Amino acid sequence: MPAPEPAGLFRLDELAHTAVSRAVRALPDGISPVLLDATAGNGYDTLFLAGLVSQGFLYAFDVQEIALEATRTRLQALQQPHPDVRLILDSHAHLAQHLSGPVHAALFNLGFLPGSDKSVVTGRASTLAALNALAPLMARGGLISAHLYTGHAGGLDEACAVLDWAAALPRSVWHVLHTVQLNKPGNPEHLLLMARR
Ligand SMILES: C[S@@+](CC[C@H](N)C(=O)[O-])C[C@H]1O[C@@H](n2cnc3c(N)ncnc32)[C@H](O)[C@@H]1O
């Protein structure tokens, strides 16, 4: 008999979506939401964000045209009214050149594009640059989710840097939660949820 699938809360991507969804649904009426997918990749997260709201703006970054093309294709599934989606071929390190705040929700699904060139990967310097640029743009009540992978070259270094960055956020301004696959030896995934008070 096959092992039962773990409940969605044990998948960190689903946990991230649940948290972002709750943050967005809690926005006061009349707000035009600004959402960010910092790593568009295959477009799953961008499509999820686009389905959350019927207006506003959604910015999705990636450094690979192939990723933005996959995201563009995936977005064709959108039927209902949705935000104005801007697909941006640039590093998220430069996000402040493309958008201004306030930002209401942001997803960082770090690492490499599954099924593609593993040498094109997020890294400590650009991820920290993006987080530093984004933090002052976050709306009160806004949420940043960062899904960190440690199994690929540079992943642990990036994860440690982002965890240190999050741990240093002032508690008077930010709630920070850290979830980790505690019993996955060697290369556990981490999820950081950072909510602006
Ligand atoms: C794990 S994938 C993202 C998965 C995606 N969110 C999805 O739903 O399919 C990571 C992506 O980050 C992109 N990436 C790498 N460095 C980047 C950077 N500095 N800025 C933006 N995207 C970057 C990669 O090209 C890759 O497509």
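Helix 4 has a face turned away from its buried side, and that face carries the exposed residues Ala 125 and Asn 132. The model is predicted. In helix 4, which runs over residues 124-134, the buried residues are Thr 127, Ala 130, Leu 131 and Leu 134. They cover an arc of only 95° around the axis, so they sit on the same side of helix 4.

Leaving aside residues up to four places away in sequence, Leu 134 touches Leu 95, Val 103, Ala 106 and Ile 144. Leu 134 also belongs to the largest nonpolar core, which has 49 residues. Within this core, Val 20, Ala 106, Leu 134 and Leu 143 have the most contacts. Helix 1 (residues 12-25) gives the most to this core, with 6 residues. In soluble globular proteins, nonpolar side chains tend to be buried together.

Next comes the loop between helix 4 and strand 5, where Ala 135 lies. Is Ala 135 buried or partly exposed? A residue needs 20 or more C-beta neighbours within 10 Å to count as buried. Ala 135 has 19 inside 10 Å, so Ala 135 counts as partly exposed. Ala 135 and Gly 101 are 34 residues apart in sequence. In space, their C-alpha atoms are 9.7 Å apart.

Now turn to helix 5. At 1.5 Å a residue, its 13 residues should span 18 Å, and its end C-alpha atoms are 18 Å apart, which agrees. Gly 155, Glu 158, Ala 159, Val 162 and Ala 166 are the buried residues of helix 5. Because they cover an arc of only 100° around the axis, they lie on the same side of helix 5. The face turned away from that buried side carries the exposed residues Asp 157, Asp 164 and Ala 167. What covers the buried residues of helix 5 includes helix 4, strand 5, strand 6 (174-180) and strand 7 (190-196).

The last stop is the ligand. How many residues surround the ligand? There are 23, and the closest are Thr 39, Gly 41, Asn 42, Tyr 44 and Leu 113. Helix 2 (44-50) and strand 2 (57-62) are the elements that give two or more residues to this shell. The shell residues divide into 10 nonpolar, 11 polar and 2 charged.

Key. Residues numbered from 1 in each chain as written. Predicted model: local features only at pLDDT ≥ 70, side-chain atom pairs only at ≥ 80, totals over all residues. Buried ≥ 20, exposed ≤ 12 C-beta atoms within 10 Å, placed from the backbone. Helix = DSSP H or I, 4+ residues; strand = E, 2+ residues; numbered from the N terminus. Arc of directions from axis to C-beta. Near = placed C-beta within 6 Å. Nonpolar A, V, L, I, M, F, W, Y, C, P; charged D, E, K, R; others polar. Expected span 1.5 Å × (residues − 1). Contact = placed C-beta atoms within 7 Å. Core = buried A, V, L, I, M, F, W, Y, C linked by C-beta atoms within 7 Å.
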